[in-house]
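Dear colleague,

Please find below the structure that I am handing over to you. The notes that follow describe what was found in it.

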Amino acid sequence: MIEIDGSYGEGGGQILRTAVALSAIIKEDVTIKNIRRNRQKEGLKPQHLKSIETIAMMCDADIKGLFPGSTLIYFSPSEIKGVKANISIGTAGSIPLLIQFIMPIAAYSPERTSLRIAGGTDVAWSPSIDYMKEVTLKALSKMGCRASIRLIERGYYPKGGGAVEIEIAPSRIKGVDFKGEKNEIYGISHCSNLPEHVAKRQADSAKKVLEENGMEAHISSKAENYLSTGSGITLWSGLIGSVNIGKKGLPSEKVGSQAAQMLLDELLSKEAVDTHLADQLIPYMGLAGSGSFTTRKLTPHCLTNIHVTEQFLDVHFKITKINGLTEISVE
């Protein structure tokens, strides 16, 4: 059995997601203590409970300590299987984070997994659903992962109500040496239950910032009337993306320009993958036993994933500074 200290590094939900996923894949029991100890409200939140319940369904796991606020769980997996189910995270719990949780496990199933997930598609402290589709899935497809995401309805904080369908086919994960590439810039600006000009102003301000820096961008804007009210914008260029979510009191122009500046910071560094994608790739590289990428900086999430992945798999990650970038490779 493997024991993981959930207070390591950034001490958030990332440790939980990575540890449980790798436990299911290698069929090794795991005990995770001090869960989210470094957060203002420690322990499991409802979205973590739903995520672990979904994983347990996918591998017939035995779990102890699964209740709100729990800081210690025991997870004992069995055989991974493909599932077809409707999952409701509740309110605006992040759908992208649940997808991040289940994707590596579903890739190792002998059957296809099909899920319809209800919750939040565009919420703070999480990748957006557009980022997952346009950046994360594109990177993972290069590593052999076969999956597709279909957005049905957007969900914002606090009401949620978003819906997404995801299909993941059995896949053979392989290592990839990611290289920086020059790609066109695309984006989606959106809003719900707000005037149409909100989405357009977000898009226009993002375009303006990018054009002032000599970059052309193709950004669509769309206004809908979903259950929840909110706005956001996702920009991407190859394996580099940025997300910004609208909030009360923040002008639409600021939402768009901030997203553009975040993208610029990444693009101008000439990295292979952005700082948010970097941490998502670590478990897959560990499972493949090979691969490398460069990124602008090493985040606490990335360091945490490296630490946890090395506890489960017989791999070691090498971190090297090259021309102002950080290169991460599997030795």
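**Findings**

S51 is in contact with L98 and F101 once its neighbours within four places in sequence are left aside; contact here means heavy atoms within 4.5 Å. S51 belongs to helix α2, residues 46-59. Helices are DSSP runs of H or I with at least four residues, strands are runs of E with at least two, and both are numbered from the N terminus. With a relative accessibility of 8%, S51 counts as buried. The term buried stands for under 20% relative accessible area, exposed for over 50%, and partly exposed for values in between, using a 1.4 Å probe and protein chains only.

The model is a predicted one, in which local features need pLDDT of at least 70 and side-chain atom pairs count only at pLDDT 80 or more, while totals for chains, interfaces and linings use all residues. Residues are numbered from 1 along each chain as its sequence is written, and side-chain values use heavy atoms, with hydrogens and water left out.

**Helix pairs**

Two helix pairs are described here. The axes of α1 (residues 13-26) and α3 (residues 95-107) come within 8 Å and cross at roughly 20°. Axes are lines fitted to C-alpha atoms, for helices over the stretch in contact, and the angles run from 0 to 180 degrees between N-to-C directions. The crossing angle makes α1 roughly parallel to α3, given that angles under 35 degrees count as roughly parallel, over 145 as roughly antiparallel, 65 to 115 as roughly perpendicular and the rest as oblique. The crossing of α1 past α3 is right-handed; that is the case when the near helix is turned clockwise from the far one by less than a right angle, and left-handed applies when the turn is anticlockwise. On the α1 side, the contact is made by Q14, L16, R17, V20, A21, A24 and I25, and on the α3 side by L97, Q100, F101, P104 and I105. These residues divide into nine nonpolar, two polar and one charged. In this grouping Ala, Val, Leu, Ile, Met, Phe, Trp, Tyr, Cys and Pro count as nonpolar, Asp, Glu, Lys and Arg as charged, and the others, Gly among them, as polar.

For α4 (residues 129-142) and α7 (residues 275-288), the axes come within 11 Å and cross at roughly 40°. That angle makes α4 oblique to α7, and α4 passes α7 in a right-handed crossing. From α4, the contact involves Y131, M132, V135, T136, A139 and L140; from α7, it involves H276, L277, Q280, L281 and Y284. The contact residues divide into eight nonpolar, three polar and no charged.

S23 is placed in helix α1 and is buried, with a relative accessible area of 0%. Apart from its neighbours within four places in sequence, S23 touches E28, D29, V30, F75, P77 and F312.

**Cysteines**

A disulfide is a pair of cysteine sulfur atoms within 2.5 Å, and by this rule the count is zero. C302 is in no disulfide, and the nearest cysteine sulfur, that of C145, is 19 Å away. C302 counts as buried at 1% relative accessibility, and C191 is likewise buried, with a relative accessible area of 1%.

**Loops and backbone**

- G238 is in the loop between β11 (230-237) and β12 (240-245). Not counting residues up to four places away in sequence, G238 touches E134, V135, N183 and E184. The C-alpha atoms of G238 and E134 are separated by 8.2 Å, although the two are 104 residues apart along the chain.
- The peptide bond from Y157 to P158 is cis, with omega near 5°; P158 is in the loop between β7 (146-153) and β8 (162-169).
- T91 is not a glycine, yet has a positive phi of about 45°. T91 is in the loop between β5 (84-88) and α3 and is exposed, with a relative accessible area of 58%.
- N193, also not a glycine, has a positive phi of about 55°. N193 is in the loop between β9 (185-192) and α5 (196-212) and is partly exposed at 32% relative accessible area.
- E181 lies in the loop between β8 and β9 and is exposed, with a relative accessible area of 55%. The C-alpha atoms of E181 and P251, 70 residues apart along the chain, are separated by 33 Å.

Yours sincerely
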